[in-house]
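Grab your viewer and work through these exercises with the model open. Try each task before reading its solution.

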Amino acid sequence: MPTIQIRNISTLVLLLFWSLAGSAEPMVFASGVEGGGYWSAAKRLEDVASGMGLEVQVEESTGSLRNLARLLDQADPASLALVQADALQQYLNKHPGDSNKVEILENIGQECVFIVTDAASAIRTDKDLQEGKDIKLAINNPDSGAAVTYAFMTTLAPEMAGTSVLYLDTETVMGELQSADDAAADAVMLVHRPKEYSAEVDLALRNPDQFRFVEVTDERLKSELPDGQAIYRILKLAVPVPDSEEKRQVSTVCVMGLLVANKEKVLPDQRAALARLVNERWMSVYATER
């Protein structure tokens with residue numbers, strides 16, 4: 001047998017060994033705050049992957065932008081992440097050179113914008129947010145999904161930037177909305193799945209005579225990701241009222257949550273296992289959103 005063939009076989013064996021050795025390390029998965037929607041989805045994926053022989057290590061995170069920073073830092077072990085579609089686009093707008101490293105593997109369902117104000121407020125639609133003067137919108141913190149979403153929405157509908165964003169405890173502000181003179185803000189904004197609990201949305205659903213959901217329907221928000229997926233969808237939700245058979249209609253925009261990977265950090269055998277998981281077992285990870 002010619003020497004060159006022996007060398008090729010030896011090289012193939014070494015490559016296979018290195019690949020198997022590398023895949024013994026778990027894939028690090030940047031998710032979200034422990035106990036939250038992203039964390040729960042990541043833990044379900046971890047369980048399903050384990051049953052397929054793919055080891056995944058879920059790590060807590062402060063949000064989408066932090067997840068993307070970790071994912072695209074070659075010195076960071078994170079190779080999988082959960083992110084909002086608007087956060088991904090915002091990040092890639094600032095770091096266009098990283099776009100070829102990101103692969104969108106699957107969506108994890110819709111997260112919707114809930115802007116709540118007092119029932120007697122003049123704020124009824126996003127147009128009022130664009131045209132109003134001295135309107136203050138409360139968002140929990142600058143690292144939240146709501147902060148990312150509102151910032152990106154203002155790039156698509158620039159007039160929204162005229163509304164002042166204040167980082168306040170939104171549950172506290174909800175308790176102040178009935179007293180306009182004492183309220184620190186005119187409305188609060190949250191972003192979460194339609195059936196996910198939040199004290200603010202729960203209070204608004206239970207008390208339609210006291211609170212109103214602001215309609216968000218600006219057509220300019222229908223931009224797309226590089227792969228053609230819509231960042232926002234304008235939907236008319238029928239949101240269940242807790243402990244009741246009633247539903248409240250909320251016209252708003254929803255953003256897709258995405259499972260993404262860094263192509264340069266995922267080994268071939270890991271990529272194959274992920275493809276099988278997405279194609280064959282995704283219902284076990286996120287059946288409620290399919």
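A disulfide here is a pair of cysteine sulfur atoms within 2.5 Å. The model is predicted, so local features need pLDDT of at least 70 and side-chain atom pairs pLDDT 80 or more, while totals for chains, interfaces and linings use all residues. Residues are numbered from 1 along each chain as its sequence is written, and side-chain values use heavy atoms, with hydrogens and water left out.

**Exercise 1.** Find how many disulfides the rule gives, and work out the handedness.

Solution. Step one: the count is one disulfide. Step two: the bond joins Cys112 to Cys254, with S to S at 1.9 Å. Step three: these cysteines sit 142 residues apart, Cys112 in strand β4 (102–118) and Cys254 in strand β10 (247–262); strands are DSSP runs of E, at least two residues, and helices runs of H or I, at least four, numbered from the N terminus. Step four: the S-S torsion of Cys112 and Cys254 is about 100 degrees, so the disulfide is right-handed.

**Exercise 2.** Decide whether Ala185 is buried or exposed, and list what Ala185 touches.

Solution. Start with location: Ala185 is in the loop between α7 (170–176) and β7 (187–192). Next, accessibility: Ala185 has 3% relative accessibility, so it counts as buried (under 20% relative accessible area; exposed is over 50%, partly exposed in between, with a 1.4 Å probe and protein chains only). Finally, contacts (heavy atoms within 4.5 Å): leaving aside residues up to four places away in sequence, Ala185 touches Lys136, Leu137, Ala138, Val173 and Leu177.
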